[in-house]
Amino acid sequence: MVIAALGGGLAVLRAAGLLAVLTQQERLATGFVIGMGVIGWLAFFPGVAGVFGGPAFAVILTAMTAGLLCLRTPPAAAGKEPLHAIEWLLLAGLAAVMLMDFAEGLSPAADADSMSYHFETPRRYLTEGAAFAIPRALDGVSQLLLQMTYGVALGLGGKPAVPLWTMVSGWGLGAVFYVLSRRHMSRIWALIGTLCLMTTPAVIYGTGSGHVEARCAAFAVLGAYAAAMAASGRGEPQHRTGWLLVAGLCTGFFAGAKVTGVIFAFAACVSMAGSGWVRRAAVFSLIVAVSGTQWYLFNWSETGDPLYPLLWRFADLAPAFAWDARAAADLRWLWSLETPFPKNLLWFVLYPFRMVFAPPPEIESLRTGIGPAVILCLPFALIALLRNRRAAYSPLFPMLLLALIVYAVWFFFGPSQRVRHLLTIYPIVLLCALAGAAHFTDRRMALRRVLIAGFAALLAAQLAGQALFSKKFVDHLVSNESNTAFLESNVGGYRVVEWLNTHLSAGDRVVVVNRDWLYLLDVPYFYAPTFLQTQLSVHPDANDPVRFLKQLRALGITHAALPRSSIAGTQRSKLGEFLSGLTGPGCMEQLAELDSRTITSRTLPHLRNSELTYVVLRIDAGKCAVP
């Protein structure tokens, strides 16, 4: 997959006419990021054609590998300078980061979001041999360009290949950030910025799992830079056209991987304002439409709503995807839990500082934040901007405008204020701020030492944070711990998963409420979240047990696995209440009672973890009745 991504990306750069103006490092880094998107884009078509599987993937990767022939085109010349001691130290830090990432890549996947849909959705596609929409809001119907690359890894290499691919594809962000940084700052500053970026908590959290933000950030920083180059008026006209092609493809890949890419596309159009803007915007929009709209069209055809379920009032939804005012209110309530700040101009300005110095728990900044690097650079970068507005790094100005527009739309209109959602534009802002700070301090040694000292402290803290995060993976690899023991320590209720896989068959279907089980279950299941689906009405205000029983029969549920406390206890859920209310001879039987651990934190395993008892019930819905 790495070779194919390089080949596909190089072929795109060849078609764009940019191979000769890029150094070898730039060609490989940008080519890999573009090729990663090409793999996901091409894998969509076997999905809709009903041939989603290894043979189709092998054809795609083999064809893309032919692009390596483009390496015969001589690259642009690159200067060679001996490495200084501090640069060796920074390279050692990057090597340590890669080793820790490698430990994660060799360990079983355990992240809840990855298990519930990032890895699980392509696994279901492979099982069915085709792509289809899952009747569940937010994660069942989404933009899945990057998840299709996980499907390719899973289809060709099995489950061990998937975290390895996420590890390598995550490094694409660091690679493209470094080569773009080298265009505007010295090697030492580019290495500092790259190490700072790759040890950012949100990057550590997301690159080794199925979370798409870090990979979308790679598309974003390359797309933003390409858009700036296309509009800068520098170079030959054909080169500007080539950069426009790269900008459109990367933006389209971003939009095909996450809905916020649509905001990015709008911002990119605005950032290219100037002479010839109408033509550029038209060509750019066409490229984005070709490379980024396929998932919106697919979801529209499957559900009736391209942004399911947001347009439910105006769409003719498919029966399985029914949505109503109550479900919409539930979804708004869920989002309200992630928006602690008022959406006004004051907090628009204060948010970047508050998320660093005094973050509320709702935005998860302490766990998946982006750190104070930009704030560290900000005073120097602002002075550099005011003193030298037409400096050599001026192509970065439209990039900064683009990021500001995305931030503004996200802050004022987005449903969530979780800070990790800003990771997609963070590398753009970091690149611009670091370029300005480096330019201003390079001839002011006292200020340069202050800035380097600040980054030294920051890098030490972030490397320590990654070491703590990676400890469980390193311990797993260097010990004799089995994968089963690792999963028991990192997935709450994993013993129940083992029991279900052992005792149920392909003819059964179990209803579960733990989303981190889905990727691990080898038997048919139905995931029943309280708010995000309407096929099984289990929200707290549901009061129609007759309807529940009809839905249970329609879904073919034969078993249920849920905490005992949710059936009869202080944490009783609506699902548990409805199940305990079913009556009739042969209706329901308890098959097992299993003790397992809850996992509060995988990084800090002793943090408030506790024992929880699960029960497994056999249900014959045809024999069940309600009082």
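Modeller: A word first: a residue is buried under 20% relative accessible area, exposed over 50% and partly exposed in between (1.4 Å probe, protein chains only). This is a predicted model, where local features need pLDDT of at least 70 and side-chain atom pairs 80 or more, while totals for chains, interfaces and linings use all residues. Numbering runs from 1 along each chain as its sequence is written, and side-chain values use heavy atoms, without hydrogens and water.

Biologist: Let's begin with Glu 213: is it buried or exposed?

Modeller: Glu 213 belongs to helix H11, residues 213–231 (helices are DSSP runs of H or I, at least four residues, and strands of E, at least two, numbered from the N terminus). Its relative accessible area is 5%, so Glu 213 is buried.

Biologist: Which residues is Glu 213 in contact with, leaving aside neighbours within four places in sequence?

Modeller: Contact means heavy atoms within 4.5 Å. By that test, Glu 213 touches Lys 258, Arg 420, His 421, Leu 423 and Thr 424.

Biologist: How many aromatic pairs does the structure hold?

Modeller: Rings of Phe, Tyr and Trp (its six-membered ring) pair if their centres lie within 6.5 Å; planes under 30 degrees apart are stacked, over 60 edge-to-face, and the rest tilted. Counted that way, the number of aromatic pairs is 33.

Biologist: What kind of pair do Phe 52 and Tyr 125 make?

Modeller: The ring centres of Phe 52 and Tyr 125 are 6.0 Å apart and their planes meet at 85°, so the pair is edge-to-face. Phe 52 sits in the loop between helix H2 (24–49) and helix H3 (54–65), while Tyr 125 is in helix H6 (residues 120–128), 73 residues away. Both Phe 52 and Tyr 125 are buried, and the answer to your question is edge-to-face.

Biologist: How many residues apart in sequence are the parts tied together by Phe 341 and Tyr 351?

Modeller: These two rings pair edge-to-face, 5.5 Å centre to centre with 85° between the planes, and both Phe 341 and Tyr 351 are buried. Phe 341 lies in the loop between helix H16 (325–336) and H17, and Tyr 351 in helix H17, so the separation is 10 residues.

Biologist: Which residues form one aromatic cluster with Phe 341 and Tyr 351?

Modeller: Phe 341 and Tyr 351 are part of a single aromatic cluster.

Biologist: Which ring does the charged end of Arg 444 sit over?

Modeller: A charge sits over a ring if NZ of Lys or CZ of Arg is within 6 Å of the ring centre and within 35 degrees of the ring normal. For Arg 444, the distance to the ring centre is 4.1 Å, and the ring is that of Phe 440.
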